[in-house]
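Let's take a friendly walk through a protein structure and look at how side chains meet. Have the model open beside you as you read.

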There are 4 protein chains.
Amino acid sequence: MTQSPVRVAMLGTGFIAEFRAQVYRRLQGVEVVAVLGRDPARTKAFAERTGIGHAATSWDALMGGPGFDAVDLCLPNNCHLEYGLLAAAAAKHILCEKPLGRTEAEARQMHAAADKAGIIHAYGENMLYAPDFREILDIVASGTVGKVLWVRGREAHFGPHSPWFWKREESGGGALVDMGCHLIAVFNMLLGEEPTSVMCHAPTLHHATDCEDIALALLRYPGGTLGQCEASWIQRGGMQVTLEVSGTEGMITYDRSGLSQPIKVFSRNQTQRYFSEKVESDRGWLFPTVDEYWRYGYYDQIRHFVECIQSGVKPKVTFAEGVVVNRIMDAAYASAAAGGGWHEIAG
Amino acid sequence: MTQSPVRVAMLGTGFIAEFRAQVYRRLQGVEVVAVLGRDPARTKAFAERTGIGHAATSWDALMGGPGFDAVDLCLPNNCHLEYGLLAAAAAKHILCEKPLGRTEAEARQMHAAADKAGIIHAYGENMLYAPDFREILDIVASGTVGKVLWVRGREAHFGPHSPWFWKREESGGGALVDMGCHLIAVFNMLLGEEPTSVMCHAPTLHHATDCEDIALALLRYPGGTLGQCEASWIQRGGMQVTLEVSGTEGMITYDRSGLSQPIKVFSRNQTQRYFSEKVESDRGWLFPTVDEYWRYGYYDQIRHFVECIQSGVKPKVTFAEGVVVNRIMDAAYASAAAGGGWHEIAG
Amino acid sequence: MTQSPVRVAMLGTGFIAEFRAQVYRRLQGVEVVAVLGRDPARTKAFAERTGIGHAATSWDALMGGPGFDAVDLCLPNNCHLEYGLLAAAAAKHILCEKPLGRTEAEARQMHAAADKAGIIHAYGENMLYAPDFREILDIVASGTVGKVLWVRGREAHFGPHSPWFWKREESGGGALVDMGCHLIAVFNMLLGEEPTSVMCHAPTLHHATDCEDIALALLRYPGGTLGQCEASWIQRGGMQVTLEVSGTEGMITYDRSGLSQPIKVFSRNQTQRYFSEKVESDRGWLFPTVDEYWRYGYYDQIRHFVECIQSGVKPKVTFAEGVVVNRIMDAAYASAAAGGGWHEIAG
Amino acid sequence: MTQSPVRVAMLGTGFIAEFRAQVYRRLQGVEVVAVLGRDPARTKAFAERTGIGHAATSWDALMGGPGFDAVDLCLPNNCHLEYGLLAAAAAKHILCEKPLGRTEAEARQMHAAADKAGIIHAYGENMLYAPDFREILDIVASGTVGKVLWVRGREAHFGPHSPWFWKREESGGGALVDMGCHLIAVFNMLLGEEPTSVMCHAPTLHHATDCEDIALALLRYPGGTLGQCEASWIQRGGMQVTLEVSGTEGMITYDRSGLSQPIKVFSRNQTQRYFSEKVESDRGWLFPTVDEYWRYGYYDQIRHFVECIQSGVKPKVTFAEGVVVNRIMDAAYASAAAGGGWHEIAG
């Protein structure tokens with residue numbers, strides 16, 4: 001085991017980078033030594049706020065700073081490939097935020113470069129590390145619900161904050177790419193296999209964007225299970241994440257939305273207190289999400305990444321899984337573009 | 001207003017006939033004077049149990065008994081047309097259990113015959129009379145959630161009791177015909193319009209039947225709303241009915257499943273007490289549905305039918321609505337048979 | 001059975017009178033022919049709004065109007081005795097809103113007068129007619145939870161609207177008299193017996209009133225069950241009604257609060273729509289109570305009262321039950337006044 | 001900061017010791033080097049199961065084994081004082097499971113000995129470290145609900161597993177000592193003060209024990225808040241933990257019971273899988289508690305204890321807090337013994 005702390009360079013200064021910086025501060029044996037951002041002022045502020053020593057606005061400036069072992073790639077989707085290749089070329093381990101690429105082609109290039117460089121590469125699918133989802137995976141594995149016949153996942157809110165999400169050129173797609181990727185990864189892990197065909201409808205119903213703001217994809221799995229993936233940017237009322245599993249002998253229903261939180265608060269006054277990500281009301285009934293960094297899986301995900309670097313062991317979720325998710329989303333978009341029939345997913 | 005009570009002949013002796021017989025006993029101004037069933041012993045037992053004076057096993061025997069004003073048509077789907085035509089020919093008012101026909105063609109014949117006979121005809125969509133659904137319709141109408149962008153309905157359990165449901169020849173279809181018809185009717189009422197195209201997947205994933213045991217249909221409405229209709233016969237854990245509405249300014253989520261009932265009971269012993277329709281457990285956590293006949297809308301539906309007969313006013317939900325639902329389901333099956341693309345619904 | 005409709009005079013024009021007037025309009029075989037109120041303008045408006053033909057502002061004026069069979073006594077607590085005696089003297093049947101009197105002494109006088117007059121007298125404890133509570137009573141009776149060891153009821157909001165509730169001289173007491181009376185009646189019915197001693201704490205914690213704004217009473221029943229009665233006027237967030245039953249073999253938990261309603265609505269805008277009694281927010285998460293007149297038991301209560309008048313049968317819940325509730329509350333106040341020890345309830 | 005790991009001796013081999021051993025295995029910088037138990041076979045098995053090197057059955061044997069810095073005192077309540085004094089005399093830091101003593105007198109002796117020895121002493125009130133409760137404390141502190149007028153805590157199940165809990169000589173009391181202590185500690189922390197008087201009823205309603213199997217205590221706080229503490233060993237249906245806070249401007253309701261978990265599972269078959277502490281059903285609806293060691297606060301509690309030892313800082317919750325809780329419980333029992341009136345809590 002490596003005794004000296006793992007040194008990480010954070011790539012990006014957005015919402016998810018901030019979230020993960022909180023986790024690094026809670027972990028032992030790891031240190032964020034540098035951050036890379038486009039905007040100098042913003043990057044400097046991020047570094048100061050999160051206690052990172054070096055703020056760089058170019059890859060060269062980053063490399064010219066203190067040495068580091070790994071990058072945490074939290075840049076917009078259209079920058080994943082470029083910086084993934086740079087990091088691999090520099091033999092830096094990579095934890096890449098979802099989705100791996102805007103397309104399977106991009107994801108494949110990242111995977112190939114990482115494999116060739118012999119680095120540790122981890123795909124940032126936090127849900128696979130979230131305690132609630134691990135429990136569900138374990139319940140299914142225990143046979144409590146019998147053979148899984150149907151599984152539905154849903155993630156919904158009223159759309160992301162950063163402008164790049166809304167431009168297909170930068171994001172690669174809308175609600176499906178942003179949130180559907182989580183659900184597809186969970187389905188694959190739950191069933192232990194990959195779907196062979198997909199049917200999808202992905203229209204833009206409300207927002208001014210060239211991305212879909214709602215996506216509904218059906219996935220056929222070799223074992224006979226039907227997966228139903230729902231991603232929506234047109235749902236008011238805060239973040240909704242649900243999962244339902246229908247088995248021959250039982251079922252599971254999971255809800256991580258505000259109303260399902262164990263703490264429920266009523267306030268007749270306007271309040272400025274933070275309650276949860278994507279909350280849309282500031283009075284009346286409010287529902288805090290406790291320890292989001294823990295419940296959403298970021299803590300265990302990053303801890304696992306650090307341990308893999310220390311021990312040289314391959315992570316449980318690598319770029320290989322990310323490639324598969326991009327492949328399925330490519331096929332889903334092809335189905336939607338063709339008017340919604342079934343499309344094969346080329347293996 | 002007619003002063004003498006409306007006299008009804010019950011056609012059928014199954015689950016739904018029993019349910020409705022309970023409602024008739026609670027209502028004033030109406031009386032069930034006869035019942036028609038195929039099996040003599042069963043029909044006689046039904047009549048005795050529910051206090052109906054005349055038990056007939058043929059239409060002629062029914063007509064030869066005490067006079068009546070209306071029939072409550074609760075026979076298997078493949079008998080709707082035959083007995084609908086007989087009743088219309090005899091100038092008896094008709095309340096017909098959902099779906100109106102096995103196909104739009106059958107439904108149209110019933111509608112035409114009823115119109116020609118000048119009788120009161122009501123389509124038995126109880127959900128449109130259920131207090132909870134009426135409240136939701138009213139909330140949407142009040143503008144509380146803005147313009148409706150997406151609506152999802154789901155009805156699920158592990159399959160019906162009577163054998164005829166499972167044979168396409170008799171039922172006309174599986175989960176979609178059995179339960180999807182409810183949701184489609186609710187969507188149409190909620191949006192005040194009919195969908196123009198549908199995309200559907202309706203496989204048989206588990207049961208030994210030539211009907212689909214799960215159906216997922218997407219509906220495009222002229223105003224831009226996307227409807228998502230889910231019907232499942234492969235879900236354990238009792239009856240589930242949910243509705244979700246995403247609007248530009250808000251959302252509604254509704255759940256009528258066991259876990260959402262206000263009364264929750266734990267018993268460590270096996271219990272024989274009735275708790276709810278389709279319950280699959282007899283110990284541990286149990287959830288009673290209080291006053292099912294009221295909450296499911298049967299009370300208000302039948303009362304409205306009786307009042308329409310008394311006053312000669314056209315019911316709020318007639319065979320015309322039933323024809324539309326059958327038309328949409330026909331198109332959904334056509335989409336499913338063609339591999340899931342979008343199909344126009346011929347108006 | 002009386003064929004002509006039962007004619008009722010409504011005494012009072014407040015919240016509860018309005019509520020009940022809605023029920024009378026839905027029932028067949030009964031008609032509200034007159035209303036009595038103190039304030040002429042308000043009484044006239046009430047009559048017009050609810051379609052009542054005669055508006056009186058004195059007992060004499062009421063008696064001088066159209067004939068009636070019964071009164072529905074919805075006046076402030078300090079008027080129950082006066083008008084109860086007047087009605088009994090005039091041989092009018094009485095349905096009296098809870099509590100029967102401000103004290104057991106008052107309640108006894110009403111009971112004696114009613115019995116002497118030979119009229120039908122019903123104590124207006126709506127919860128004993130509410131479908132949810134009837135279901136709970138039935139579950140307990142079925143043995144599903146074994147022997148009841150402990151039962152807790154709670155009713156809470158932030159205080160009533162009408163000024164008279166807040167003056168002990170007019171109301172007879174605060175939260176205990178206003179809401180605790182419901183719970184005590186439910187306990188007695190659930191257990192089939194009356195408590196023998198009570199311990200109570202009934203302070204004024206927040207509001208400017210000479211009544212208690214929270215009351216906590218423990219009740220010892222002869223069979224060994226412990227009852228826990230909680231009434232609060234200091235709870236924000238809308239109306240809360242809960243009941244919990246601990247038995248040797250199981251338990252029941254019941255919640256009729258907003259968050260437990262099956263319909264949940266989110267609106268980002270301020271809305272003026274009515275959602276439920278005592279709601280304190282007009283945006284964010286809102287929870288409609290569907291068919292309050294039905295779920296709270298008013299419908300079945302009034303229907304039963306009318307049927308008892310028609311058939312001459314004694315109501316299920318009479319002034320006798322009201323006297324018992326007043327007696328228990330008197331003992332609870334005595335305990336609270338003495339610093340909270342156990343007090344015997346003189347039988 | 002101490003660089004070498006903190007070495008802990010576990011005192012006890014019961015349920016809570018097992019629970020905490022799981023936490024130690026997840027923490028860095030701490031190591032359990034020995035375990036002390038009465039029964040040789042059981043102690044040996046515990047050591048092997050949890051990977052502890054040294055199994056002792058006497059204090060001398062423990063001291064004769066590998067060196068250690070601290071003890072985690074998880075013995076039955078009647079052993080707290082004896083082993084607390086031994087540990088203090090040996091200058092070992094102490095984390096003592098709740099309650100500190102059977103009585104305030106015992107607790108005071110432990111506190112005095114620990115202070116005199118100059119050791120780090122922590123009172124094992126895990127709820128004060130549980131993420132959910134920390135969130136609630138923070139919401140109250142933020143002013144979201146205004147001034148707290150009333151707070152109720154409840155903890156209930158059908159009684160503990162180990163025989164010593166049921167003997168007053170060994171436990172010091174029943175449900176109040178076992179579970180009420182948690183709630184009192186939470187109230188005190190939430191309000192930032194200690195109650196001045198208490199009223200209590202603590203009968204034995206069902207079990208064969210000389211301890212109370214239900215306890216209801218009202219607590220008056222100097223600032224005017226009323227605390228309501230409920231502890232029950234007579235409630236079926238698994239572990240229930242609830243907290244409700246009524247403030248002038250809002251309220252909080254918290255529920256950590258099975259039905260409030262975000263994952264809900266239905267299984268029609270009997271299952272042997274572990275779902276949660278104190279579950280009483282093995283089929284039907286089941287509710288897993290995810291990461292109990294984290295949600296119940298054990299992780300953060302032990303981590304804090306270890307960090308305090310490393311840094312020499314006084315823990316947030318020390319024996320001083322334990323003494324206060326015992327004092328309040330002594331007064332509660334005095335009130336119950338005297339028939340339930342208010343008793344002063346001598347400061």
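Start at A:Arg273, which counts as buried because its relative accessibility is 17%, under the 20% limit. Keep in mind as you look that this is a predicted model. A:Arg273 forms a salt bridge with D:Asp138, and the closest N and O atoms are 2.6 Å apart. This contact crosses between chains: A:Arg273 sits in the loop between S13 and S14 of chain A, while D:Asp138 belongs to helix H6 of chain D.

Now move to chain B, where B:Arg154 and B:Glu230 form a salt bridge with their closest N and O atoms 2.5 Å apart. B:Arg154 is in strand S7 and B:Glu230 in strand S10, so this pair ties together parts of chain B that are 76 residues apart in sequence. Are these two partners buried or exposed? B:Arg154 is buried at 0% relative accessibility, and B:Glu230 is buried with a relative accessible area of 0%. Both take part in one network of salt bridges that share partners, which joins A:Arg152, A:Arg154, A:Glu230, A:Glu244, B:Arg152, B:Arg154, B:Glu230 and B:Glu244.

Back in chain A, the side chains of A:Glu280 and A:Arg236 meet in a salt bridge of 2.8 Å, N to O. A:Glu280 lies in the loop between strands S13 and S14, and A:Arg236 in the loop between strands S10 and S11, so the pair ties together parts that are 44 residues apart in sequence. A:Glu280 is partly exposed at 26%, whereas A:Arg236 is buried at 9%. Over all chains, a search of the whole structure finds 105 salt bridges.

Next come the aromatic rings, with 46 aromatic pairs over all chains. A:Phe133 and A:Tyr254 form an edge-to-face pair, 5.2 Å centre to centre with 70° between the planes. A:Phe133 is in helix H6 and A:Tyr254 in strand S12, so the pair ties together parts of chain A that are 121 residues apart in sequence. Both of these residues are buried.

Finally, see how a charge can sit over a ring. The charged end of B:Arg236 lies over the ring of B:Phe158, 3.6 Å from its centre. In chain D, the charged end of D:Lys92 sits over the ring of D:Phe68, 4.4 Å from its centre.

Technical notes. Residues are numbered from 1 along each chain as its sequence is written. Chains are lettered from A and ligands numbered from 1 in the order in which they are written. This is a predicted model: local features need pLDDT of at least 70, side-chain atom pairs count only at pLDDT 80 or more; totals for chains, interfaces and linings use all residues. Side-chain values use heavy atoms; hydrogens and water are left out. A salt bridge is a side-chain nitrogen of Lys or Arg within 4 Å of a carboxyl oxygen of Asp or Glu. Helices (H or I, at least four residues) and strands (E, at least two) are DSSP runs, numbered from the N terminus. Buried means under 20% relative accessible area, exposed over 50%, partly exposed in between (1.4 Å probe, protein chains only). Rings of Phe, Tyr and Trp (its six-membered ring) pair if their centres lie within 6.5 Å; planes under 30 degrees apart count as stacked, over 60 as edge-to-face and the rest as tilted. A charge sits over a ring if NZ of Lys or CZ of Arg is within 6 Å of the ring centre and within 35 degrees of the ring normal.
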